[in-house]
Each structure stands twice: as structure tokens, then as C-alpha cells.
Amino acid sequence: MTNIFQTPKKFPLTKAALHEAIKKFPTPFHIYDEKNIRENFRKLREAFSWAPDFREHFAVKATPNPYIVEILARDGAGTDCSSIAELFISEAAGVVGEKIMLTSNDTPAEEFRKALALGAIINLDDITHINYLEKNARLPEIISFRYNPADIMNDGNDIIGRPAEAKYGLTREQIFSAYKICLDKGIKRFGLHTMIASNERKASTFIYTARIMFELAAKIKDRLGIKFEFVNLGGGLGIPYSPDELPVDLKMIGDGIKELFYEILVPSGLGDVRLAMESGRAMTGPAGWLVSTVLHKKNTYKNYIGLDACMSDLMRPALYNAYHHITVLGKEDAPCDEIYDVTGSLCENNDKFAIDRHLPKIYVGDVLIIHDTGAHGHAMGFNYNGKLRSAELLIRENGNVELIRRAETLDDYFATLNFPNARLKPKK
Ligand SMILES: *Cc1c(COP(=O)(O)O)cnc(C)c1O
């Protein structure tokens, strides 16, 4: 049988180097590649190199580790934060001031106060938040609103999203009123934001989003005289999780948006607007791998491979039925003529990294590499069933492998309990 999953997917370490790393840092762990992250950011910057100004606000929630944020910040990225913890991570990584965009929703007052203290750009999710912000903190110098365009159609036929069903953003009517209220309150600097797509690989979606936003910016300027400093098109750039999917054509997106920039913004006197994005997945997703060892093989009505990782390390397959490519270390070129369910140890039948997956013959002790876990991977982890979250490693550009977050311990898990029993303190 031929290898039906002839994967173009790569892993940056040799077999020997990975075994060396595993000796120091036991599996399971997520491992990230600095070079790959920088390369992804470079490609995004290049697509918008024509723009008078472009800024990527890396969505911290994708990979909330200050070491990762620092790598992107060194190359000029800002951050997109949506919680107080993410604001602290951004600050720790040296990203402060207007390089931070606070794009949260249902926002607590203390988060607004922390964002203001850092000088972040506040991006409000609702018209009522103007008063809430003024009452519980203060109004900032620059403000932005998140627009929800309801149903959006691609070229008038193909529906590409139903933002009307989403909890985010302001309606079209509200957004005009919101800027008017802020003008009346004396705010003088403005931005405009939306976030429509998620894991979208079609260039046309992003170009169409830009059209909606550019036309809206021009209309608001027309009506209220506001000269926007930036238009933020949000995140949502997709990645090819499966080997037979194609990557996003960033150049096509950049070129398409450039055309609209000159067609809509420049004639409206908005030719110096900064374009911004909040990409998370496309920056770090393909630059991370979950490395796990096979603990058990079980043959019942199906053939199961039981890993030392579980869905507390990677929720996406269970949560979204998402595909993550899997390779077996040292068997990259072996024929995939076995069919397995690859499982974790949670008492949940959806704790499966793969179902009916064609893989090479696997033995207990084999090391499995789950690809594209760099974004929304470790970050989504949880502690259900008392499962502990894994470590995070980073491959530096000089090839060094560093521990950038240790694995959780039982002590961490019990730390929040005040149960007066020394037996909950595991002995070292
Ligand atoms: C999640 C999120 C992002 C990042 O999305 P990706 O799919 O990782 O690019 C950006 N902006 C906001 C407001 C988000 O909630």
C-alpha cells in the first residue's frame, strides 16, 4: 500500500536532537520554533509593505507566553490583548503603549484600568461601554470600536460569515452614534476595528472585509469628520492543518487590499491610515508541535494508541473536530497502512487527537509529533479530571532548546485549595 498521507509537514529537529530534548524535558510538551515564527511574521509584513504604515498586533491568546510575544515584538509586532493576564504578558514582553490593542468583550473595569495604565489602545465592543469606561476608569485619548457587519456576503452571493449570530461588536447604526458620542465627549483620536473570519484561507474574505471597513471609515469621516488613524482588520488568517490544504495567499490579500486602499481610502483623504491586523494562528500555529510518547496500545472494536498527552494539552480536535496532522518520529517515510484512534487519558470519549487515522505501525514507546499546535494549543488547556498542563519548549535560532514554561505539578493543581490536610501536599 502506498503512503496515502505523503506529508509535506516538517519538524525542525533531527531524531537525535529530539531524543536529546526528551531526555532533559520529559514528554508531553509543546515545542516552538523561533525561526518559523519570525518567518511567518516576515511574510505578513511583506504582504503589506506597500502600506504607509502596517502593524501586526499579535493575538496573545494564541500563545500566551512572554518568550513568544518577545520574539515577535523584537521584529516590531504589537499585541492584541483580551484579558488582564494578557495585558501583563504583553507588558512583561516589553510591549506597552499604543502597540497594545485591548480587544476584549464583556470587559471588567480592572481590565480597562490596567490597559489605560499601560497606554493601550482601547477597542470597545459595545456602545454602552463608553459610559462604563468613563464611570469606572476614564476616557482615553484614542478610542476604537469593533464593528459587526451582520451578514456578510462575498460578491453578493456566497455568505462567508454570519457575524449577526456573534456576540461581538456594534451594529452599523450604533457605530455612527458611538463615534459621535466620543466626539462630543472631547475624544480626538480614533481607530476602527472588526474581526470576522476564523481560520480562513480564502484571500477574497480578507479583501472583502477590507472593502467593508474602508467604505465604513470613509462614510464615518464623511458624516462626522473623523480622520481615522488606523483600520484594524482583525485576525483569522487560516493555516493548512491538513497536508492537502493550501496556505493563505498573503500576497494576494496584500495586493487586493492595496487596490481598495487606493480606490476608497486615498480619495477620501484617508491615505495615511495605518492598517493593522491581529493575527495569532498564522504567526505561531505552524511553528509549534505537541510531542508525546505512546503509553499503551489497545485493540478492542477499534485499534487505539494511548498517549501521555491528552486534551488538556490540545483541545482543538475535541472542541472543533479539528484535524491535526500526526507523524511518528523515525517513521516519517514508512507506509501508513494501519488505522488507529489516537487518544489521551481523559474520561471523555472525545479525548482523541485523531480518529480512524492512517499511520505507520506504532509501538509502545514511540514518539508521536502532533503538528500545528503552536496557536490555540497549550493556551486552551484546562485541568478537568485533574490533568496537568504540559511544558513549553522553544528552539532558538542557534538550535538551543530552552524550557520556556515548566509542566504543571500536583502542587500547582492543589495550590488553590484550602483543605487543611497535609496529605494534599505531594512529597517530592
Ligand atoms: C482570537 C482573536 C484573534 C486572533 O485570531 P487568530 O485566528 O488566531 O488569528 C484576533 N482578534 C481577536 C479579537 C480575537 O478574539
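The second largest cavity of this predicted model has a volume of about 40 Å³, where a cavity is, on a 1 Å grid over the protein atoms alone, a set of points at which a 1.4 Å probe fits but cannot get out, and a volume is the space filled by probe spheres set on points joined across faces, edges and corners. The model being predicted, local features need pLDDT of at least 70 and side-chain atom pairs count only at pLDDT 80 or more, while totals for chains, interfaces and linings use all residues. Residues are numbered from 1 along each chain as its sequence is written, and side-chain values use heavy atoms, with hydrogens and water left out.

By this rule there are 2 cavities of 30 Å³ or more. The largest pocket, a pocket being an open set with protein on both sides within 12 Å along at least five of seven lines, is lined by 37 residues, of which Lys61, Tyr168, Met195, Ala197 and Ser198 lie nearest its centre. Strands E6 and E8 (158-161) and helices H10 (281-284) and H11 (316-320) each supply at least two residues of that lining.

In the table, Ala, Val, Leu, Ile, Met, Phe, Trp, Tyr, Cys and Pro count as nonpolar, Asp, Glu, Lys and Arg as charged, and the others, Gly among them, as polar.

| Space | Volume | Lining by class |
|---|---|---|
| Second largest cavity | about 40 Å³ | 4 nonpolar, 2 polar and no charged residues |
| Largest pocket | about 820 Å³ | 14 nonpolar, 15 polar and 8 charged residues |

Turning to the fold, a closed barrel of 8 strands runs E2-E3-E4-E5-E6-E9-E10-E11 with parallel pairing, strands being DSSP runs of E with at least two residues and helices runs of H or I with at least four, numbered from the N terminus. The twist averages 25 degrees from one strand to the next, with axes fitted to C-alpha atoms (for helices over the stretch in contact) and angles running from 0 to 180 degrees between N-to-C directions. Helix H8 (residues 203-224) packs on the sheet, touching E6 (142-147), E9 (189-194), E10 (230-232) and E11, and its direction makes about 150 degrees with that of E9; contact means heavy atoms within 4.5 Å. Strands E2 (residues 54-59) and E11 (residues 274-277) pair in the parallel sense over 3 bridges, pairing requiring at least two bridges found by DSSP, and Arg55 stands opposite Ala276 in E11.
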